[in-house]
Each structure stands twice: as C-alpha cells, then as structure tokens.
Amino acid sequence: MNNQKPMDIVQAGLAKRYKKEKRFKLIGLSAIIFSLMFLVFLFSSIFLNGYKAFYQAELRIDVFFDPALLDIKDPASANFDALVKKSLRTTFPDVKKRKEKKKLYGLVSTDGSFQLRDMVLADPALVGQNRSVWLLADDDVDMLMKGYIDRNLPQSDRRISDVQIGWIDKLIDAGRVKFRFNIGFFTNGDSREPESAGILGAAMGSFYMLAITLVLSFPIGIGAAIYLEEFAAKNRITDIIEVNINNLAAVPSIVFGLLGLAVFLNFFHLPRSAPLVGGLVLFLMTLPTIIITGRVALQSVPPSIREAALGVGASKMQAVLHHVLPLAMPGMLTGAIIGMARALGESAPLLMIGMVAFIVDIPAGITDPATALPVQIYLWADSPERAFVERTSAAIMVLLTFLVLMNGTAVYLRSKFERRW
Amino acid sequence: MLQILSSNTPRSTAKSREERIQSKARMLVDREDRCTAGDPFVENPRMSCRNVNVYYGDKQAIRDVSIDISENEVLAMIGPSGCGKSTFLRCLNRMNDTINICRVTGELKLDDSDIYDKKMDVVPLRARVGMVFQKPNPFPKSIYDNIAYGPTIHGLAATKTELTEIVEISLIKAGLWDEVKDRLDQPGTGLSGGQQQRLCIARAIAVGPEVILMDEPCSALDPIATATIEELISELKQHYTIVIVTHNMQQAARVSQRTAYFHLGDLLEVSQTDVLFTRPSHQLTEDYITGRFG
Ligand SMILES: Nc1ncnc2c1ncn2[C@@H]1O[C@H](COP(=O)(O)OP(=O)(O)O)[C@@H](O)[C@H]1O
Ligand SMILES: [Mg+2]
C-alpha cells in the first residue's frame, strides 16, 4: 500500500477522466456537425437548382382571332397552331424566309395553341376580335431568360440562335416578356415539353398508391402485431414467423417489385402501370415494418396495465382493445407513417411493374396508368433538356416536402397521444 | 440467496453467518415433516386449496400447499422474498394464466366451483376474486373511468346514473371519495401513490367481488399512506374476504386474523395471527419472525 490518501488518488485521476469525457463529447459533436453540413449542402444544392422552376417566362403576343382560321361551329377542333404562327408573323413582319419562320415559331411553347383554344372555348365571342395574350414561352427562351444559356457561346453550341436572341431582346424591350408563377408545374401531368411538364400526374399516382398501401398495411399489420404479441402461443412456429418477418423487412425493395410483376401482373393479370399494383407491392414491402414497429409499441406498454384490466375481469380481448392498444397506438401510428414515408420514396419496385412509363394524363383512379413522384424524378433526371434539370430538383423539393410533412405528423401524433403512466 | 439452496448440494463450505443459518434452515425443512403446522383448515371456507403445486417451466415454485380461507377474514401471507407468496396468491384468481410457462396442479375451489376447471370462465372469476397489485396501476384515464371500467364491461349498471352511483360508493368504501370528489374527470395517474393504491382498491370493489387479493399493497407507499390502507383493510373485512401478501410482519400482525408462513415454496404454518407471532409451532416460523433470516 502506498501512503497516499484515497482522495488524493481520486484527485490525480480526475483531470484525465474529464479530458476523456471532453474528447468524447467533441467527437460526437463533430460527427453531428459533419452530417449537418452534408444535409445543408444537399438541401441548398437542390434548392438552388430547382427554385427557378417555380416561375416561368411568358411572351405577350397580339392575336387576331381570325374567323377564317376558326371554325365557328366547332372551335375545339380548329387549327389554333396556325393562329399562333400567324400572330407571331404579324408581330415580326420582316421574317420572310421559311427557315427563319420556323425559328420564330419556336419561341412560343407548343402549349400556346392550347392556351388560345381554351380562351375561345371559354368565350366564343372572342372570334373576330383582337387581343393581346400572354403565351407560354418555349423552354429554350425560358432558359435564356433565367441565364442558363450563355449568349457568348458560338451559335452552334447553344440551343437558341442569334436571330432568336435578337427577337427575344426586341420583345424584352417592348415589355412583352415576363415571369409568372408556374402553376402548370402543380396542375399538369408529364409532358415532352419541359415548360408544360407538371408534377400532378405523378403526385396523384403516388397518392393512390399510398392510399392503397395504407388501407391494406395498417389494419393488417396492426392485426398481425396484436395477434403475435398478445395472443399467439410462444412456440417454435411463432419463433419462425417472427424470424421471417424480420427477414422480410430487410429484403431489398426491388425483390418485391419482381414479386409484384410475377404475381399481380403475370398471374392475376392486373393492369400494368396501375397504382393498384404499385400500392399492393408497396403494401407487401411496408407490412413487415409495420408489424415490427407495432409489436415494439405493444411491448412498450407496461404489463401492469394488462394486469389491471385482467384483474377487474376484462377478457384478454378487452384488455388489449380497451387498454393496451390505445397506449400503443401512437407508436403504431409513428411506425406506419414512417413506413408510408419509405413507400413514398420508393422507386425500384415500381420500375418492375411498369410505372416508369411516360404518362401524360393525370390518373383518375387506381387502375389508370400512372407513375409516382420518385419515378417522375428519375424520368426527368434522365431527360436531355436543360429545363428538366430544374424540374427534377423542383420535383425532389415537392417529394421532400411530403416526406417532411409525413414525418412531422408522426412526431406530432407521438407527442400528442403519448400518455405517461 | 435462498434459491441457491434449493439445489440439493449442501453448502458445507459456506462461510458467512447468513449462509450457515440458511443451510441450517434448509436442513430443517428436509428433516421435518413438510406438513403445514397450525390449523390451515376451517369450517365453511370461502376458498379451499388442496395439494396445490405450481411450476414455472421445470422449476417448482409452490409445493403441495393446502389451506382454507374463510368468510370475512383477513388472511396474511408472509415469508422471505421469492418463497412463492405472489405465485400462490395469483393462483386464487388465475392471474397466473398470463404467464406462459406457469403450470398449476391440485385443487382450488371458490365456494364449490373448481377454479382451475376447464369450464371455469376466468372473466366472472376475476370479478368475484378481485386483485390489488404491488405497484399502484391505475389506468391512464380519468378517476371516474378507472372505477367505471369494471362495472361497464360486466354490465353492472343499466344507466349512467347507476354507474355514477357505483363509482361514488366504491370511492367512499375505499376512503377516497372526499379527496377526489371534485376532480373525478382528472387522470388517476395524477394522484399520490397512496391515493392511487386506494383508487385501485376502489376499482376492485366496484365490480362487487367476494374476495380481494392484495399483493404487498403497501410496499411502494410511505408510512402514512400505509397506515391509511391498513385502516381501510380493517374496514373492508366486514364485507369482503381479504388475502394479503406482505413482507412486513407488523402489518400482518395489525391487519390479519390468520397468518400463513411460506418458506421456499412450502406452506409451513397457518395459525391465528396472535398465536403465530407469539407461539409459532414451526421452528422456521420462529426463526423468520424473530428476524434470524429473511
Ligand atoms: N414469471 C416467472 N417466471 C419464472 N419464475 C418465476 C416467475 N415469477 C416468479 N418466479 C419464481 O417463483 C418463485 C416465487 O416467486 P414469487 O411468488 O414472486 O415470490 P414472492 O412473491 O414470495 O417474493 C421465485 O423463485 C421466482 O423466481
Ligand atoms: Mg411477490
């Protein structure tokens, strides 16, 4: 034994202990800062890439709704394309050569003719009148206006030629160009033309899919969790079931896509590209997660509550339904929402069942062909036009917003319904 | 500590005083007749248990216990911890059913019906034999709902007024009415520990039981709350048969008419409480009540 007092030994070691603690804290803190930096980098790059997609260039063109071009009896089938071209020619009367005319027509989106048609359909009295109309600009014009096209590049290296730039400058000088909020991005389906491509089709597809997934997986998952946790005899078979559920939760999602292809499409002949099939596949994918989180939520209810209920003569079923389930519900809801969020972000299995197709129409039901938000992002990211780059980022923002909303709901539900005991 | 000794190897190498006492204790049980000393049987019992054995898997927790419980008495069960008091108590309303590996043999009767009969429905059984647990466990609901739950599921009240009446009577009987009458809609979990335990007693009373089982109802409470509960038990015994497990011998002496002493799964002695604490018939009972182990 040395003659130091125990307190001295403790004192001597203290500095070292505190140092260790400090170092540990620092390591943890730097890990968090590091990951936060990545997150900030990710979000800001998405935002910077995408925020310009929310507004869009428009050109003001004087249009004479020429009765010669517009069939009064059936304006819907009239040649509005010709009307747009004629109006452009009158705006720039000195363009004579065929090739140049074609370039001139390229300034306005192909959507322009639909805009005019909608105007006439809404108000047939327009025919024979002059109107100054804001028409959607072509995506190349939009890109030039947003500064994505470098005017100093040689003409052959850009998608917009010198004459076109000249016309645009003239229009700008005349106050005939402006940006407006891009409503179409939220109300249109997909399109080959970036300026009229929208997210609604994919969002509706995702919505129908998630609705099916939720309607199937929540009750079935909760039912399975309750049965396994509260009623099943604890024996080999339940052990095997449990192991398999855990394994299923870890199966890569594309495998579920293949399963959906084999079972739902090839065997049951359900429609291809339909949210119905997508929802079924995502249901299979989320079910194990919901069962597992459901069981954890049930396990976390203190056994004293069960005993209390059984002690006053509740049947097992009543004890579970009246007391255990309400207490486990916040946890179950959280699990379900997180499962849904995962399903919302899933694209791989959807590729397998044909939801990767180019679909313009907004799906009106669960059997209409549709695509989903993440798949739409994939499709746009794959498109060559510059304008699709910002739309990709904008679509990612929309998807992330939904995800954040869903996770926020989960947190809210947990804190709202969590009861202390 | 005592569990180690249930294996058959005598620990002759044991050094500590405690261990010596315990090995001696074990040997005593081995030598002597395990038959229950005192007077475990009564005339006209409410509940009677004969040759009850309880196993957790392979491990036997209760060995060949026979005892009667008579009308309107308070029976205290004492014994060192882990000796099977709770296990036996939970047989009386089949709460042991919730434990998968638990197996019960022997005969347990409430009046003349066999508790462990296949045809016995545990739902009415548990209404007749209520239970109060060691840790107060009110539902995370309002005070009113805590009491009203039992009567509601059993359909004891035809109208809301009747239900409210049951709630009030139960709270009065449990001595809690004056403290909570103004806040029946507030959560039961917000009460103090002693109040919570009385709430649990009121909850048990509300379904009109004949027997109330209490498993160390005061072990989580402070002395004042304990005294209140003990008073309550003395009052309740006029209407109910009460079986109370306690590790507190003074408490057993204060509240009970008869006391049963459990030792490592054996029921060694059942006597009138004053007899058991003054003139125990079994050597081990004496060792325990004089504090030589426990
Ligand atoms: N759920 C259980 N599973 C396995 N063994 C148990 C269980 N509950 C109690 N036991 C065992 O049964 C014996 C008696 O326990 P218990 O009745 O709780 O004792 P007491 O209430 O007298 O302290 C102890 O040895 C304990 O380890
Ligand atoms: Mg106990």
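## Charges and patches: worked exercises

Arg46(B), Glu71(B), Asp111(B), Arg128(B) and Glu210(B) are joined in a network of salt bridges (a salt bridge being a side-chain nitrogen of Lys or Arg within 4 Å of a carboxyl oxygen of Asp or Glu). Keep in mind that this is a predicted model, where local features need pLDDT of at least 70 and side-chain atom pairs count only at pLDDT 80 or more, while totals for chains, interfaces and linings use all residues. Residues are numbered from 1 along each chain as its sequence is written, chains are lettered from A and ligands numbered from 1 in the order in which they are written, and side-chain values use heavy atoms, with hydrogens and water left out.

**Exercise 1.** Work out which parts of chain A the salt bridge between Arg159(A) and Asp140(A) ties together.

*Solution.*
- Start with the contact: the two side chains meet at 2.9 Å, N to O.
- Now place them: Asp140(A) sits in helix α5 and Arg159(A) in the loop between α5 (139-145) and α6 (162-173), so the bridge ties together parts that are 19 residues apart in sequence.
- Helices here are DSSP runs (H or I, at least four residues), numbered from the N terminus.

**Exercise 2.** Decide whether Arg159(A) is buried or exposed, and do likewise for Asp140(A).

*Solution.*
- Grab the cut-offs: buried means under 20% relative accessible area, exposed over 50%, partly exposed in between (1.4 Å probe, protein chains only).
- Arg159(A) has 55%, so call it exposed.
- Asp140(A) has 11%, so that one is buried.

**Exercise 3.** Find the salt-bridge partners of Lys146(A).

*Solution.*
- One is Asp142(A), at 2.9 Å, N to O.
- Another is Glu390(A), at 2.8 Å, N to O.

Methods
Helices (H or I, at least four residues) and strands (E, at least two) are DSSP runs, numbered from the N terminus.
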